[in-house]
Amino acid sequence: MIIATGATLFVPPLENVDLKNIFTLRSVTDAFAIREMVDMGQVKKAVVVGGGFIGLEVAENLKHRGVDVTLFELVPHILPPFDEEIALYAQNHMKEKGVNIITGEKVTGFEGDSEGVKRVITSVGNFEADIVILSIGVRPNVSLAKSAGIELGVTGAIKVNKFMETNIKDIYAAGDCVENVNLVTGKAAWYPMGSTSNKTGRIAGQNCVSDLKDSLDGVLGTTIVKLFDISAAKTGLSERDAIKEGFEVETVLVPMDDRAHYYPGHKNIITKLIADKKTHRVLGAQIVGEGVTDKPIDTIATAITFGADLEGLSKLDLAYAPPFSTAMSSTLVAANVLLNKENQKVKGINPSKLPEKIVSKEANVVDVREEVEFFISAIPESVNIPINELESRCGEIDKDGKTVILVCKVGRRAYTAYKKLKGLGYKDVKILEGGSTAYPYEMK
Amino acid sequence: MAEKFINARGLQCPGPIVELFKTVKSSESGDVITIEVTDCGFKKDIAAWCKKTGNELVNLEENDGAVKAVIKKL
């Protein structure tokens, strides 16, 4: 027997949550019901609760249909599994596209009448809504397994070994209802995703009927989502999770073109790589941007699966011609920059650490872009000294004062400036990783 | 009123916006400048720049990966 009971969207016990026109979206039937309301012109305002993949995809598609959309997320940014700077980049894009996003606030209930929901009650006031989509997360359907005496894992999903066998002989389990193993940590994790469910299903099916045992050691939780003109992808551990797991991590944030810069149609992507400081083992990656993100995230997922370190990743022989990639692909460049940091060739600061340094006035932020670029938008409190004027104007930068943080658009000019200032005897210098391109906070 | 054309195809950041800045600086009020760019960051830059300077973004279109912007100097 194979238990494949799947997972169900979680409906929180909020006041009046059973009002009409409050939906979850899991099945095609749900989607049809939502679409019908929109088709009939009944939806002017929508509230989406939850900033995970489903919530964001619904928000985008309602927006495409001309609906005024407000999305709530309880934690401080959308895409909770992602690191802050990547998630905020995606969040800014959603906002630019007109989705009203409110984070760090809570939906507490609903008001309405027999016709359906009218208002959403939140920690920041009431919001009118003709429709509400709840996308707070899913839970594994385990009641059948539980009542049969089948053991559950620490995540609450059904515990199986790598052959998809439960603790009861001849009962297998597969799909969204089973617990997985994270390949990086070797620990239990739960990834209710089609890509993982199909693997476990195939293995359970084969092992049920054949003596040729198949098995799954684990997965990386590799995911990707399209959000208007960008996509965001992730594999392995986030920086936050890696630290929680006890790794001493080194990270890097590198914007790059996805194809040759002279090839029309190339787009920018930002790669974040997370590695173990001691062994240089690659622990995870996140990629966001308008360009192609699925190819590099799959490359890195493959590398992590086979235990790659940064040195190995930086030398992968990847397909290159200008319409497809750059001579040194974004993944290789990210690995090389991280190795440069590790080898003390350059010091960097992640954008998420900069706002606090600006407020506390601990940093001297020097923007080395051209005057016109600085004029368009710049980091608050930063001063502009274009790279070509750096030597003649370096007297304006205090040598023994605060940390000098160099900013350009992607990092290349900041690196040149870093070398120049180091040569001039500046000791405490860093570059802003990701430059102005990946800086997701307020600009002036 | 003069009409000017800048071919900034193939130039990387900050090439295109710097070229445009120089041309606009040396132009008269009412001059129309057309620039073609393949750098992917330009589209956002040009919109923000026009908004801040008050120069008019007459047209902005993207074709086969190249951006063509038409600007009228304030």
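Which residues of helix 2 of chain A are buried?

1. The model is predicted: local features need pLDDT of at least 70 and side-chain atom pairs count only at pLDDT 80 or more, while totals for chains, interfaces and linings use all residues. Residues are numbered from 1 along each chain as its sequence is written, and chains are lettered from A and ligands numbered from 1 in the order in which they are written.

2. The buried residues of helix 2 of chain A are Ile54(A), Gly55(A), Leu56(A), Val58(A), Ala59(A) and Leu62(A). A residue is buried if 20 or more other C-beta atoms, placed from the backbone, lie within 10 Å of its own. An α-helix has 3.6 residues a turn, so residues three or four places apart point the same way.

3. Helix 2 of chain A covers residues 53–64; its 12 residues should span 16 Å at 1.5 Å a residue, and this agrees with the 17 Å between its end C-alpha atoms. The expected span is 1.5 Å times one less than the number of residues. Helices (H or I, at least four residues) and strands (E, at least two) are DSSP runs, numbered from the N terminus. Gly66(A), with a positive phi near 85 degrees, follows the helix.

4. The buried residues of helix 2 of chain A pack against several elements of chain A, including strand 4 (45–49), strand 5 (68–73) and helix 3 (84–96). Contact here requires C-beta atoms, placed from the backbone, within 7 Å. Helix 2 of chain A lies across strands 4, 5 and 10 of chain A, at about 165 degrees to strand 5. Such angles run from 0 to 180 degrees between N-to-C directions, with axes fitted to C-alpha atoms, for helices over the stretch in contact.

5. In chain A, 5 strands form an open parallel sheet in the order 3-10-4-5-6. Strand 3 (22–24) and strand 6 (100–103) of chain A are the edges, each pairing on one side only. Two strands pair if DSSP finds at least two bridges between them; strands 4 and 5 of chain A are joined by 5 bridges. Lys45(A) stands opposite Asp68(A) in strand 5 of chain A.

6. The contact between the chains takes 17 residues from chain B and 17 residues from chain A. On the side of chain B that touches chain A, helix 1 (15–25) and helix 2 (42–53) of chain B each supply at least two residues. The largest share of that side, 4 residues, comes from helix 2 of chain B.

How values were computed: Two residues are in contact if their C-beta atoms, placed from the backbone, lie within 7 Å. A residue is buried if 20 or more other C-beta atoms lie within 10 Å of its own, exposed if 12 or fewer, and partly exposed in between; C-beta atoms are placed from the backbone.
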